[in-house]
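Please look over the sequence and the structure shown below before reading the notes that follow. They are grouped by topic and are meant to be read beside the model.

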Amino acid sequence: MRTDVSALYPGIVITSPAQNALTTYLTDIVGSITSSRPIHEWVVEYADVTGINLHNLADSSRATLVQIASGTTTVIDDVMATFDPTTLPNGSYLVKVTVQNDIGLGWTEGVILNVCGENKPGRLRLEFTDLAI
């Protein structure tokens, strides 16, 4: 009896936000992470799209990835992470979710988010007049 190997791979579905969504404030990454085998680990990371191979999301050798969440259990239609664009320059970012099961099989899915706006609480600009004559 042969086993269909594709049935052993874990799965990821990102239901929100939509691809190429505009984001100005905290954005929940919602979806599901499932596997027919026990999950070893899953991680949610983001990076500027300029360093990402969009044809192979698992290849992040040129990107500086920032991990924003991780876990070891199944997630069913729930928040996997929260993306905070308020500390980032405006531009396009890939948020990717990667999962690996106990036998080393993995999967990666991603969503591109476009950070925009001036809601950057970490940026301080202070102007005052010291002396007026």
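## Briefing

Arg37 is partly exposed, with a relative accessible area of 32%; here buried means under 20% relative accessible area, exposed means over 50%, and partly exposed lies in between, with a 1.4 Å probe and protein chains only. This is a predicted model, in which local features need pLDDT of at least 70 and side-chain atom pairs count only at pLDDT 80 or more, while totals for chains, interfaces and linings use all residues. Residues are numbered from 1 along each chain as its sequence is written, and side-chain values use heavy atoms, with hydrogens and water left out.

**Salt bridge**

- The side chains of Arg37 and Asp102 meet in a salt bridge at 2.8 Å, N to O, where the term stands for a side-chain nitrogen of Lys or Arg within 4 Å of a carboxyl oxygen of Asp or Glu.
- Arg37 lies in the loop between β3 (27-34) and β4, and Asp102 in the loop between β7 and β8, so the pair ties together parts that are 65 residues apart in sequence; strands are DSSP runs (E, at least two residues), numbered from the N terminus.
- The count under this rule comes to one salt bridge.
- Asp102, the acidic partner, is partly exposed, with a relative accessible area of 39%.

**Strand β8 and its partners**

- Strand β8, which spans residues 106-115, is mostly covered, given that seven of its 10 residues are buried.
- Strand β7 (residues 91-101) pairs with β8 in the antiparallel sense over 10 bridges, where pairing requires that DSSP finds at least two bridges between two strands.
- Within β8, Gly106 is the bridge partner of Gln100.
- The hairpin of β7 and β8 has four residues between the strands, and in this hairpin Gly104 takes a positive phi near 85°.
- Strand β2 (residues 21-23) pairs with β8 in the parallel sense over three bridges, and Leu22 stands opposite Asn114 in β8.

**Asn53 and its surroundings**

- Asn53 lies in the loop between β4 (39-48) and β5 (66-71), and this residue is partly exposed, with a relative accessible area of 22%.
- When neighbours within four places in sequence are left aside, Asn53 is in contact (heavy atoms within 4.5 Å) with Asp59 and Arg62.
- The side chain of Asn53 also reaches the backbone nitrogen of His55 at 3.0 Å.
- Asn53 and Leu22 are 31 residues apart in sequence and 21 Å apart in space, C-alpha to C-alpha.

**Backbone geometry to check**

- Most residues other than glycine have a negative phi, and most peptide bonds are trans.
- The peptide bond from Ser16 to Pro17 is cis, with omega near 5°, and Pro17 is found in the loop between β1 (11-16) and β2.
- Asn20 is found in the loop between β1 and β2, and its phi is near 60°, a positive value in a residue other than glycine.
- Asn20 counts as partly exposed, at 48% relative accessibility.
- Asp77, which lies in strand β6 (residues 75-83), has a positive phi of about 45° although it is not a glycine, and Asp77 is exposed, with a relative accessible area of 54%.

Conventions:
A polar contact is a pair of N or O atoms within 3.5 Å; within protein, one must be able to donate a hydrogen and the other to accept it, and residues adjacent in sequence count only if both atoms are side-chain atoms.
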